[in-house]
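Have a look at the sequence and the 3D structure below. A short tour of some features follows.

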Amino acid sequence: MISIKNVHKHFGKLHVLKGINAHIAEKEVVVIIGPSGSGKSTLLRCINYLEEPTEGEIIVDGIPLTNESNINKVREEVGMVFQRFNLFPHKSVLENIILAPMTVRKTPKSEAVKIAQDLLVKVGLADKEHAYPEQLSGGQQQRVAIARALAMKPKIMLFDEPTSALDPEMVKEVLDVMKSLAHEGMTMAIVTHEMGFAREVGDRVLFMDEGRLVEEGTPEEIFSHAKEERTKSFLSKIL
Amino acid sequence: MNFDFDLIVRSFPLLLVGAGVTVQITAFSVSLGLLIGMFVGIARLSNTWIIKALAAVYVDFIRGTPLLVQIFLIYFALPIIVGQRIDPFIAAITACSINSGAYVAEIFRGGIQSIDKGQMEAGRSLGMTWGQTMRHIILPQAFKRIIPPLGNEFIAMMKDSSLVSVIGFEELTRRGQLIIARTYGSFEIWLSVAFIYLIMTFTISRLVDYLERRYKIDDKH
């Protein structure tokens, strides 16, 4: 579904990604872990071209990310959830969700509203459709952000540290929504520091450090039988 | 010194006609300036260097030269290029809106830049184009923030429009001059002119305050 070939990314002199090769299969849940500054968020952002790789090739659902129209096509199929939610503050919850289906997919309003209401039920916020983002808690905002991304009926969902900006007691409600998505067979790439979640939900775990993919494997292989010293030392510090 | 109150009363209707013309110039110039400024402000943030450069040249040229000189340029130099005399009203509005556009562009640029980068990313990640995101997400938020500086620009334009009196266009200031030429009542007339300007700018600033408050409330719900 996603194929990443020899991807490099430079920010000026900073070499953030140093030749990443990875593959994400359909319906697979891949969790990317690693220390801050290891390039995991940058890699995720390269998948929908919010960051343009300096070198290398990314193919999403058979479409190579080469020109603007391809990129927009891919973005329609790839939902993204951000650490800081990035809801549109001037729009109600419902308006946040129906905007992209209506402008990009040209979905009629009545249909878009129906989709949005179903999604709000799914993320447990059916009663909040007329609320504005600032009236919601962080956890609620993030669930709206997930619903907003899902309204485009994406084939792939990217999560960039979705719980890092949340108060601890709100982490679970967001992870629960993500878990149910995974069980429905959504293809997902998740950057997170929630190791328990990674272990429980991930089909495969990628460990990154200093712009390189150090090790990958099943959660069991990574968390219990890591081969690389760097992986072991990272996990020993956080588990 | 004799203060001729009767002169004020007699001249007031004429001055009010002039004030009406001032309002007209200002309204036209600010509307056109808003349109120009919005596009130029966005152009200044473009990724295409030529668009960005053209926008920067425009803004720098207008902000770096006096409005008075710009009015002369439009009124006296442009006819040589187009080969016919230009109506003073057209010249006045053209000069004022081109001038206002440059200042409004800077206001828009600042407003757009003040919106969190994550908003554009969220829009783009949903498959919306840059233009769609700008229109539906960025500009509506930026617009609320720039209402106060736009109000200032509106008021500045109304006062600066007095400069078009130099090309003989009969707005409020020019009317005042003409009445004084006839009656020699410069103190009474300039006082009246100043008073009328004050009433007009005060009205605008109340209006802007009202808009600002309304949008603030809108923000909260």
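Predicted model: local features only at pLDDT ≥ 70, side-chain atom pairs only at ≥ 80, totals over all residues.

Residues are numbered from 1 along each chain as its sequence is written, chains are lettered from A and ligands numbered from 1 in the order in which they are written, and side-chain values use heavy atoms, with hydrogens and water left out.

**Chain A overall**

- Chain A has nine helices and ten strands; these are DSSP runs numbered from the N terminus, with helices being H or I of at least four residues and strands E of at least two.
- With a radius of gyration of 18 Å, close to the 18 Å from the globule rule for 239 residues, chain A is as compact as a globular protein of that length. That radius is taken over C-alpha atoms, and the rule is 2.2 Å times the number of residues to the power 0.38.
- The C-alpha trace of chain A spans about 55 × 40 × 30 Å along its principal axes.
- Of the 239 residues in chain A, 60% count as buried (under 20% relative accessible area, with exposed over 50% and partly exposed in between, using a 1.4 Å probe and protein chains only).

**Arg212(A)**

- You'll find Arg212(A) in strand β10 (residues 212-217) of chain A, and its 45% relative accessibility makes it partly exposed.
- Arg212(A) and Gly39(A) sit 173 residues apart in sequence, yet their C-alpha atoms are 7.9 Å apart in space.
- Setting aside neighbours within four places in sequence, Arg212(A) is in contact with Lys18(A), Ile20(A) and Phe207(A) (contact means heavy atoms within 4.5 Å).

- Glu121(B) belongs to helix α5 (residues 117-125) of chain B.
- Is Glu121(B) buried or exposed? Glu121(B) counts as buried, because its relative accessibility is 14%.
- Its side chain makes a polar contact with the side chain of Arg45(A) at 2.5 Å (a pair of N or O atoms within 3.5 Å; within protein, one must be able to donate a hydrogen and the other to accept it, and residues adjacent in sequence count only if both atoms are side-chain atoms).
- Not counting residues up to four places away in sequence, Glu121(B) touches Arg45(A), Leu50(A) and Phe82(A).

**Phe187(B)**

- Phe187(B) is part of helix α8 of chain B.
- Phe187(B) counts as partly exposed, because its relative accessibility is 43%.
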